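This report goes through a few local and overall features of the structure shown below. Please keep the sequence at hand while reading.

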Amino acid sequence: MRKTLLYVFITCLTLISCSTDDANSYEAQSLYEEGEELLTGSLGVNATSSAAFGFEIRGLSIQQLGRFSTGNSLFSRIWVSAPASTTARDGLGPTFNARSCTKCHFKDGRGSPPENGTSSNGFLMRISLPGQNANGSAIPVPGYGTQIQDLSNFGIPFEARVQVTYESVTGTYPDGNSYTLRRPTYSFTEAQFGNLNGVLASPRVGTQTIGLGLISALPDSELLRFADEFDANGDGISGRPNRVWNIRANATTLGRFGWKANSPTLEQQVAGAFHGDMGLTSALFLENNCPSPQQDCQDAINGGTPEVTDTQLESVVLYQATLAVPNRRNAKEDNVLLGKQLFNTLNCIGCHAINQTTASSSITSLLEGVTIKPYSDFLLHDMGEGLADNRPDFLATGREWRTQPLWGIGLIETVNNHTFFLHDGRARSLEEAILWHGGEAEQSKNDFKNLTATERNTLLAFLNSL
């Protein structure tokens, strides 16, 4: 009799538990929106391997596929100093940070910060003097320019080395669980062309390069509709656009690429990376990066004028523009759907916006009229003193950063074998990245901290599905 009663009791508990689980699952599944896993509509790819960021969008013509392949080859190419028998890839330097694009964007993914005194590996340091030029650009540091080149060709002095040390910052969630962040401090050593004490410095790591053509095809109106510079709606978020110098237009236009939205077009972003990171000239940047008194740099043989031809530049731009965004994984799982709800409730969506529609594209019509979910408004936001670099960049202040797109973020570990996030890679996980948020994101961060451990993990599951 006792065994019978125990069996009935356990059966009832099991039924109640199953009923509760079914109800929770039903609630979660009701949050699913048809097609939400397709971040770029039909242009996305189902990719989960270490090559997930390297696929082209669907529909390219035979000719475009050829140019995509050429651009891919140029992106992966190791450039060499001039003169060289391989004239199609000489002209590196004389000073530089990387010998190839993939050094900073390995497998079209993210770079990582320097660790234990290592040299740059998808990491660089922007520098400038206090103040700004008339057009809003940074004032170069005499002897160095606006970026430290820590490598150089044989017989040419490099500019300086960048070192980083980390201080542990510990904290405790309201539920008693602890966390540890790391705060970086940067310094310069072996400075070759004058003292660098007191210059404005901004560390950067390379970002994944998927979806850039779709960002390029967004009309200004799609970015400006999220702008709320004076927080008219009272939600604590006051995103605003950066307006930057457009070399082709010879005018100031809307910025949309780079950590501070300091580049107006994909072409200028690519050409600027060739020039600043590898010392390669192009039609947009015709002069070698050799500020006085770098005489050996100035006297060095170049690889042609320009070193990156128009055809080569166009091929790399097309390659970058047509890299596909992977579709989301696990989008229908209960914890992912509940995490999405928390993401919206905490108003993370206030900056990491979705559902913008592209307009015209000079690269391919395939990029036109596509509704995308980049999880970014591409605007500048005050991120607080903890993340401030104190270096202005056109309209961006020293506390402002462009909202980073989140698409593909859950695949960084698979593609790049690390989970370093934020502009300088200080965050070792998505959780740490959230905890560094401040300024306009202070309330959302505090709300995240007040979640239960299960809820925090649920929100992280959603982010990892992107």
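## Surroundings of G206

Apart from neighbours within four places in sequence, G206 is in contact (heavy atoms within 4.5 Å) with C104, H105, G109, R110, G111 and G122. This is a predicted model, in which local features need pLDDT of at least 70 and side-chain atom pairs count only at pLDDT 80 or more, while totals for chains, interfaces and linings use all residues. Residues are numbered from 1 along each chain as its sequence is written, and side-chain values use heavy atoms, with hydrogens and water left out.

G206 lies in the loop between β7 (200–205) and α4 (212–216). Helices (H or I, at least four residues) and strands (E, at least two) are DSSP runs, numbered from the N terminus. The relative accessible area of G206 is 11%, so G206 is buried; buried means under 20%, exposed over 50% and partly exposed in between (1.4 Å probe, protein chains only). P113 is 93 residues from G206 along the chain, and their C-alpha atoms are separated by 9.4 Å.

## Helix α8 and its partners

Helix α2 (residues 62–76) packs against α8 with the axes 7 Å apart and at an angle of about 100 degrees. This makes α2 roughly perpendicular to α8 (65 to 115 degrees; under 35 is roughly parallel, over 145 roughly antiparallel, and the rest oblique). Axes are lines fitted to C-alpha atoms, for helices over the stretch in contact, and angles run from 0 to 180 degrees between N-to-C directions. The contact of α2 with α8 has six nonpolar, seven polar and two charged residues. Here Ala, Val, Leu, Ile, Met, Phe, Trp, Tyr, Cys and Pro count as nonpolar, Asp, Glu, Lys and Arg as charged, and the others, Gly among them, as polar.

Helix α6 (residues 266–278) also meets α8 (residues 310–321): their axes come within 10 Å and cross at roughly 115 degrees. In this contact, L266, E267, V270, A271 and F274 of α6 face L313, V316, V317, Q320 and A321 of α8. These residues divide into eight nonpolar, one polar and one charged.

## The whole chain

The protein chain has 13 helices and 13 strands. Of its 466 residues, 52% are buried. Among contacts between residues at least 6 apart in sequence, 68% join residues at least 24 apart.

The C-alpha atoms fill a box of roughly 100 × 50 × 45 Å along the principal axes.
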